[in-house]
Amino acid sequence: MTSDSVIETFELTKRYGRRGARSVLAVDGVSLSVERGQVFGFLGPNGSGKTTTIGMLAGVVRPTAGSFSLLGATGPRELVAARARVGATLETPNFYPYLSGRDNLRIATAIKGADRARVDECLELVGLADRAGHRFGSYSLGMKQRLSLAATMLNDPELVILDEPANGLDPQGMREIRTIIRDLAGCGTTIFLSSHLLWEVERICSHVAIVRKGRIVASGPVEEIASGDISALVRAEDEMALLEALAGYPDGKGAQRGQEGVIVSLASDDLAALNRYLAGCGIHLSHLARHRQSLEEVFVELTAGDSRTEGGG
Amino acid sequence: MSGSALAQGARTARLAGSVGVLVRIELLKLLKRRIFWVAVVLFALLATMKFATASTAAGGEMAFLLAPPGVWPATLAIPATVGPAFLGLVVIALVAPEFTWRTARQSVIDGLGVERFYAAKCMMILALSALSVVLALVVGLVGAAVGSVEWESAALGAGDVQFLASYTAASLMAGAAALWLACTFRAGAPAMVAFIGYAVAEPIAAAILGGRSELLDVVLSYLPVELAMTLGNRMAHYPEALSGLREMMEIVGMSPPDATAVKGLLIAVHLYAMVLFAAGYATMRYRDL
């Protein structure tokens, strides 16, 4: 384990059911490392093993194989103590429906050994101070999500683990959640965020791991993952002639039609050479620009063939 | 003070603090739970009705039965007869939703740990069991006060203490069974069906199988429901005071409980309670939440 790792997993595996036709390998040898201060996005389609992985970290799912450390803790007793220093939510917000938002946070405060004064502070922070005395069961989904976020902040955690925190929120709510996450990250809190809102992740996260069918298929800083390929966006009057010419470009790795023009993958980032080549072929470009692959494009490429790109996992 | 004594003191303080936290959490959950208050009122009503029935029967020369200490057997019979089953159902109603609401899971995620979550539920069962006894004693005392019968001492006798211990053990067994079922089914309705189903099925099975051999009869007398019923019977704890009644039962061919076997039955009930508590814990510990 590296000295500044907040989360480190080694070949973490979860199989539901015994080996055989009916068993499901939900997480298949996941190894990842989250360093202190990172905002780490954990992405994957439905059923890719995101929530199961988080469940293992949170102590509610027993790993079939592999190991992990949380805030340096590895043993069962150490992990229970470490979890009191973590703020985590898994899937839906889980609270007592007959208790008020404030009473629910009081219970969480007692469990975490946090200062009781933090209850009202956190309610204020997520904009629930006015409804703190109302029953949790009467809250809208957005309010439930915000209460869940308040609960994760009660103990000034070193690490916050959020599983789809923006589920059910309107654009304004999403923006508020994003602001809270950024504020937390600004205070040096490490954040491990599972989400299907890829543009949100791209805005918030410094690092990302993409998981597919229980395995990590890409991991690293968002900039590296999002723009791993060198490519250019080109436009010309005769698109067919352009595609024919690009097929013969020595530094080209393939070209395809996009919504905004033709995207050509390149072996080097010498766009001037591409322009000269196309001019030599008699094609005069109306547009030539470096193309940055979005996280969403990378995600779709890496998880192609999976059912959907939304929801839990 | 030696180092080991200091360490022991620190451990004790930590444990006390931990127990204090669990009590605080469970109280906060329990006191605002409607079903808990409904159960308390129901139990108090049930106790009052049973006491009123006993009071009506006791009059004239039997008036001593309406004042302590004579009132205690009838008073303790209230929780002893209906208490374990009632407590079991209440435990299921209180614990099973922790799984459907996923608050059990969130408690573990928040750092409570499976062990402390389960310990809190065991403490709750103890507290509910004690509460049912207190409620019954209050009904007895209020009944004695209202009954305007003179009395000098409210002290419990040896038979009363044995009756009380038997009830506590039987309620622990029922509570442990309910907790195990709640942890296994993780939903109130199927857990209650299983609990009631067993309570109904066991006496039927015992009636069908009974009388075939002595050994089988002994085995059947140690089954959980049979144990709870025997220990909840006043005649097992007040053999001398109720000797007349015992004789009458024997004349009509009924078999009153054997007062000399109470200690053995108590051991069996405690064993059942321990096994069921362990089974519930194992279910919590080794199944994903």
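Q: What makes strand β10 of chain A and strand β12 of chain A a pair of strands?
A: In this predicted model, five bridges join β10 (residues 230-236) to β12 (residues 262-266) of chain A, and the two strands run antiparallel. Two strands pair when DSSP finds at least two bridges between them, so the five bridges here meet the criterion. One of the contacts can be named: A:Leu233 has A:Ile263 of β12(A) as its bridge partner.

Q: What makes β11(A) and β12(A) a pair?
A: Four bridges join β11(A) to β12(A), and they run antiparallel. Pairing needs at least two bridges, so these strands count as paired. Here A:Gln256 has A:Ile263 in β12(A) as its bridge partner. β11(A) and β12(A) also form a hairpin, with four residues between them. In the turn, A:Gly261 has a positive phi of about 155°.

Q: Why are β11 and β13 of chain A said to stand at the edges?
A: The sheet is open and has four strands in the order β11-β12-β10-β13 of chain A, with antiparallel pairing. β11 (252-257) and β13 (285-291) each have a single partner strand, so one side of each is left without a neighbour in the sheet. From one strand to the next, the twist averages 20°.

Q: Why is the pairing of β6 and β7 of chain A called parallel?
A: β6 (residues 159-163) and β7 (residues 190-194) of chain A run parallel, and five bridges join them. As at least two bridges are needed for pairing, the five found here are enough. Across this pair, A:Leu162 stands opposite A:Leu193 in β7(A).

Q: Which strands are the edge strands of the sheet that contains β5 and β9 of chain A?
A: This open sheet has six strands, in the order β5-β6-β7-β3-β8-β9 of chain A, and its pairing is mixed. The edge strands are β5 (86-88) and β9 (215-221), each of which pairs on one side only. The twist averages 15° from one strand to the next.

Q: Why is α3(B) described as roughly parallel to α7(B)?
A: The axes of α3 (residues 72-95) and α7 (residues 158-185) of chain B cross at roughly 15° and come within 8 Å. That crossing angle makes α3(B) roughly parallel to α7(B), since angles under 35 degrees count as roughly parallel. α3(B) passes α7(B) in a right-handed crossing. Their contact has 19 nonpolar, four polar and one charged residues.

Q: How many cavities of 30 Å³ or more does the search find, and what lines the largest cavity?
A: The search of the whole structure finds six cavities of 30 Å³ or more. The largest cavity has a volume of about 140 Å³. It is called a cavity because a 1.4 Å probe fits there but cannot get out. Its lining has 13 residues, and B:Phe86, B:Val90, B:Leu128, B:Leu131 and B:Ser132 lie nearest its centre. α2 (34-57), α3 and α6 (113-146) of chain B each supply at least two of the lining residues. By class, the lining of the largest cavity has 11 nonpolar, two polar and no charged residues.

Q: Which residues lie nearest the centre of the second largest cavity?
A: They are A:Asn94, A:Phe95, A:Ala108, B:Gln106 and B:Asp110, out of 16 lining residues. The elements giving two or more residues to this lining are α3 (101-112) and α5 (141-153) of chain A and α5 (103-109) of chain B. α3(A) gives the largest share, four residues. The second largest cavity holds about 120 Å³ of space. Its lining divides into seven nonpolar, eight polar and one charged residues.

Q: What makes the largest pocket a pocket and not a cavity?
A: A pocket is an open set of points, whereas a probe cannot get out of a cavity; the site of about 1100 Å³ is listed as a pocket, so it belongs to the open kind. The largest pocket is lined by 39 residues, with A:Pro76, A:Arg77, A:Val80, B:Gly113 and B:Glu115 nearest its centre. Two or more lining residues come from each of β4 (65-70), α2 (76-83) and α3 of chain A, and from each of α1 (3-31), α6 and α12 (262-286) of chain B. α2(A) gives the most, with six residues. The lining of the largest pocket has 20 nonpolar, nine polar and 10 charged residues.

How values were computed. Residues are numbered from 1 along each chain as its sequence is written. Chains are lettered from A and ligands numbered from 1 in the order in which they are written. This is a predicted model: local features need pLDDT of at least 70, side-chain atom pairs count only at pLDDT 80 or more; totals for chains, interfaces and linings use all residues. Side-chain values use heavy atoms; hydrogens and water are left out. Axes are lines fitted to C-alpha atoms, for helices over the stretch in contact, and angles run from 0 to 180 degrees between N-to-C directions. Angles under 35 degrees count as roughly parallel, over 145 as roughly antiparallel, 65 to 115 as roughly perpendicular and the rest as oblique. A crossing is left-handed if the near helix is turned anticlockwise from the far one by less than a right angle, and right-handed if clockwise. Ala, Val, Leu, Ile, Met, Phe, Trp, Tyr, Cys and Pro count as nonpolar, Asp, Glu, Lys and Arg as charged, and the others, Gly among them, as polar. On a 1 Å grid over the protein atoms alone, a cavity is a set of points where a 1.4 Å probe fits but cannot get out, and a pocket is an open set with protein on both sides within 12 Å along at least five of seven lines; lining residues have an atom within 4 Å of a point. Grid points are joined across faces, edges and corners, and a volume is the space filled by probe spheres set on the points.
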